[in-house]
Amino acid sequence: MRFILSIIAILIVFVSYSSNGQKIFIDPGHGYSANGGNPDGRTQTEIHTALATGLKLKALVDNDCSWQSLMSRTTNIGGWVTIGTRQNMSDSWGADYFISIHCNAGGGTGTETFWCNQSSSPNGAANINFAEGIQSSMAAGGQWFDRRVVEEHGFLGYHFGVLTTNQAYSCLSEIGFVDTPGDAAKLNSNSWRDAFAQAYIDALETHIGTTCTSSCPGNLNLPSNALSGTYISGNTITSTGQVQNGSNCVLDASSAVNLDPGFDAVPGSTLDAKIGGCQ
Ligand SMILES: [Zn+2]
């Protein structure tokens, strides 16, 4: 009977903990229609920079973090997706984070980030904090003039519409200006696009409270203290810690996650224990 109870407990662990990993939805904004049309009338610099940067961010998410990614588009031609569809894709997938990638126009310089708490859930301080993190990381990593990070209630029928009822922590990043020469040169640079993607993932890591790694550390022993963020092991994770109310914890090991006596994930916390993410 004890053996059977253990099996049941293990099954409950996997069933209940396998659905709460960090899900990063990447929305590279405007695209072309299938016949090459340009429904939003955007510049090639914006359309191509958003997708190239988004794909680089996807690679960072998929390779380094044991997180999951989903994109609203993965092509330029045929990549035009309606505002409502983009947000619905994210919400129905259950995204934890949503980043919409755009480039500015109209004269000006620098980077800016928008958030919208009008009807978002979760809204409030954490949503703003996420947008502020994206802004500061992009300003630093992209070496941009730091224009502003603000709430935006305009253009909700247009590109900002992806934020209005978004269920994830969500923001819209205008990386730089397509019609200002210095900005445009950076937007069209492959190496700068790498830096933009790195800025996004740096901000995600900071907000989530983890440091992703491309290598797999060995056995990880997490003693009895508060657990938050992502813990990755190439072998076994053993813990007697606590996941406190409001905290998110991911335990991602290649061979085993051992939750020893004393371990507790209290109501209001999120625990995701999984096997095989780090090889
Ligand atoms: Zn745009």
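pLDDT is the predictor's confidence in each residue, on a scale from 0 to 100. The model described here is predicted. Its protein chain has a mean pLDDT of 86. Of the residues, 86% reach 70 or more. Confidence is highest in helix α5 (residues 181-187), at a mean of 98. Helix α1 (residues 2-17) marks the lowest point, at 40. Over residues 1-20 the pLDDT is below 50. Beyond near neighbours in sequence, this stretch makes twelve contacts in the model. Where pLDDT is low, the predicted coordinates should not be read in detail.

The zinc ion has three residues as its protein donors: H30 through NE2, E46 through OE and H102 through ND1. These donors lie 2.1 to 2.2 Å from the ion. E46 belongs to helix α2 (residues 44-64), whereas H102 sits in strand β3 (residues 97-104). The two are 56 residues apart, and the pair links distant parts of the chain. E46 counts as buried because its relative accessibility is 2%. H102 is also buried, because its relative accessibility is 0%.

Helix α4 (residues 125-141) comprises 17 residues. From first C-alpha to last, α4 reaches 24 Å, close to the 24 Å expected at 1.5 Å a residue. Buried positions in α4 are N127, F130, A131, I134, Q135, S137, M138 and A139. These buried residues pack against strands β3, β4 (111-115), β5 (146-151) and β6 (169-177), and against helix α6 (190-208). Just after α4, Q143 adopts a positive phi of about 50°.

Technical notes. Residues are numbered from 1 along each chain as its sequence is written. This is a predicted model: local features need pLDDT of at least 70, side-chain atom pairs count only at pLDDT 80 or more; totals for chains, interfaces and linings use all residues. Side-chain values use heavy atoms; hydrogens and water are left out. Helices (H or I, at least four residues) and strands (E, at least two) are DSSP runs, numbered from the N terminus. Contact means heavy atoms within 4.5 Å. Donors are N, O and S atoms within 2.8 Å of the metal (3.2 Å for Na, K and Ca); water is not among the atoms, so sites may look incomplete. Buried means under 20% relative accessible area, exposed over 50%, partly exposed in between (1.4 Å probe, protein chains only). The expected span of a helix is 1.5 Å times one less than its number of residues.
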